[in-house]
Amino acid sequence: MLSLQYPWLLLLAALPLLLHWRRAPSAAVDAPVMPIGHWLSELPGVSHKGSALPRWQLLLLVIIWILLVVALARPQRVGEQVQLPVTGRDLMLVVDISPSMDEQDMVLGGRSINRLQAVKLVLDDFISRRQGDRLGLILFGTRPYIQAPLTFDLETVRTLLQESGLGMAGRATAIGDAIGLAVKRLRNRPQNQRVVILLTDGANTAGEISPDKATEIAQAASVRLYTIGIGAETMVQRGFLGSRVVNPSRDLDEALLTRMADQTGGRYFRARSLPELEQIYDSINQLEAIEQDGKYYRPVTELFYWPAGLAALLWLLLILLRQLEQWKRKPQPEPGADSHD
């Protein structure tokens with residue numbers, strides 16, 4: 001929509017009318033007589049003789065004046081309301097991509113999918129709902145690495161998560177190193193906003209930092225750890241000698257994950273199926289709620305240069321027309337007149 005920053009300045013548009021009203025009434029309004037040099041004497045509205053302005057010049061001067069007043073009032077185009085990024089949580093997602101995440105004990109639509117596929121499905125929705133948070137993504141196996149640094153660009157984080165693959169970081173599971181890297185990235189962020197969500201299906205089998213030491217570092221840095229153990233507890237395996245029931249999560253160290261969460265003020269969750277995993281991330285959304293009162297602004301485009309520019313063009317046109325009119329009034333030499341005696 002269009003608006004004026006200083007609408008009260010529009011009152012200046014009536015100034016010429018007030019000046020005219022204060023003058024003594026007469027049949028014609030004389031142009032002001034001013035002691036000026038010859039180089040200004042031909043400008044519109046300036047005269048040595050005090051002759052009245054033609055009506056068309058007077059009208060053009062009024063239009064120019066109105067345009068200048070409108071320009072002074074600062075016309076603007078105000079755009080649609082836009083929400084500014086809200087500085088909410090600094091949330092680091094730490095995801096296990098070791099080969100054990102290839103275990104197909106999750107079910108989607110009646111068919112089996114592996115654990116990493118289930119994590120991608122649920123995290124994609126979780127990430128899209130964290131508007132206002134800075135999110136980062138760490139993938140780990142034998143060693144951790146940053147797939148996405150902390151950013152408001154949630155779409156990029158979602159894309160980088162989908163591009164992750166099993167075994168990209170090695171075949172072991174370095175939980176302690178992954179937590180240590182996450183804390184390192186969060187420790188310079190504001191306190192009470194540092195959150196790590198760790199998802200794994202195994203126990204710590206590699207790395208230079210033990211999980212307990214990494215937990216102490218996280219606690220000292222005021223980083224809350226939410227830990228998720230993923231994997232079904234029963235699964236039917238078919239072989240040459242028939243079927244048998246096995247526990248595909250036998251390597252999951254739940255005691256460690258529970259201890260890590262409790263020590264840092266977080267919480268441990270167990271995801272045995274895809275619906276449970278979805279419910280877990282819903283719970284984390286409630287525990288780490290996003291501030292709803294964001295800041296908004298409306299983009300403003302200045303338009304004052306349009307009336308100002310048009311006023312300048314009309315002023316130049318008035319000068320040219322005035323010069324043309326005076327040129328026509330000059331006596332023209334008679335045809336065939338001899339310039340010599």
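Me: Hi! Where is asparagine 285 found?
Reply: Asparagine 285 sits in helix 8; helices here are DSSP runs of H or I with at least four residues, strands are E runs of at least two, and both are numbered from the N terminus. This is a predicted model, where local features need pLDDT of at least 70 and side-chain atom pairs count only at pLDDT 80 or more, while totals for chains, interfaces and linings use all residues. Residues are numbered from 1 along each chain as its sequence is written, and side-chain values use heavy atoms, with hydrogens and water left out.

Me: Thanks. Is asparagine 285 buried or exposed?
Reply: Asparagine 285 is buried, at a relative accessible area of 13%. Buried means under 20%, exposed over 50% and partly exposed in between, using a 1.4 Å probe and protein chains only.

Me: And what is asparagine 285 in contact with, leaving aside neighbours within four places in sequence?
Reply: Phe126, Arg129 and Arg130. Contact means heavy atoms within 4.5 Å.

Me: On to the inside. How many residues has the largest nonpolar core?
Reply: There are 35 residues in it, and Leu93, Ile197, Ile228, Leu277, Tyr281 and Ile284 have the most contacts inside that core. A nonpolar core is a set of buried Ala, Val, Leu, Ile, Met, Phe, Trp, Tyr and Cys residues joined through side-chain atoms within 4.5 Å.

Me: Which element gives the largest share of this core?
Reply: Helix 3, with seven residues. Elements supplying at least two residues each include strand 4 (90–96), strand 9 (194–200) and helix 8 (274–287).

Me: What does leucine 93 touch?
Reply: Not counting residues up to four places away in sequence, leucine 93 touches Leu123, Phe126, Ile127, Leu135, Gly136, Leu137, Ile138 and Ile197. Another core, of 24 residues, lies apart from the largest one, and Phe140, Ile175, Ala221 and Val223 are among its members.

Me: Switching to sheets: in what order do the six strands of the open sheet come?
Reply: The order is 8-7-4-9-10-13, with mixed pairing. Two strands pair if DSSP finds at least two bridges between them.

Me: Why is one side of strand 8 and of strand 13 left without a neighbour in the sheet?
Reply: Strand 8 (144–151) and strand 13 stand at the edges and have a single partner strand each, so one side of each lacks a neighbour there.

Me: How many bridges join strand 7 to strand 8?
Reply: Five, and these two strands run antiparallel. Leucine 139 has tyrosine 145 in strand 8 as its bridge partner.

Me: Last one: how do strand 1 and strand 2 pair?
Reply: Strand 1 (residues 2–4) and strand 2 (residues 75–78) pair in the antiparallel sense over three bridges, and leucine 4 stands opposite proline 75.
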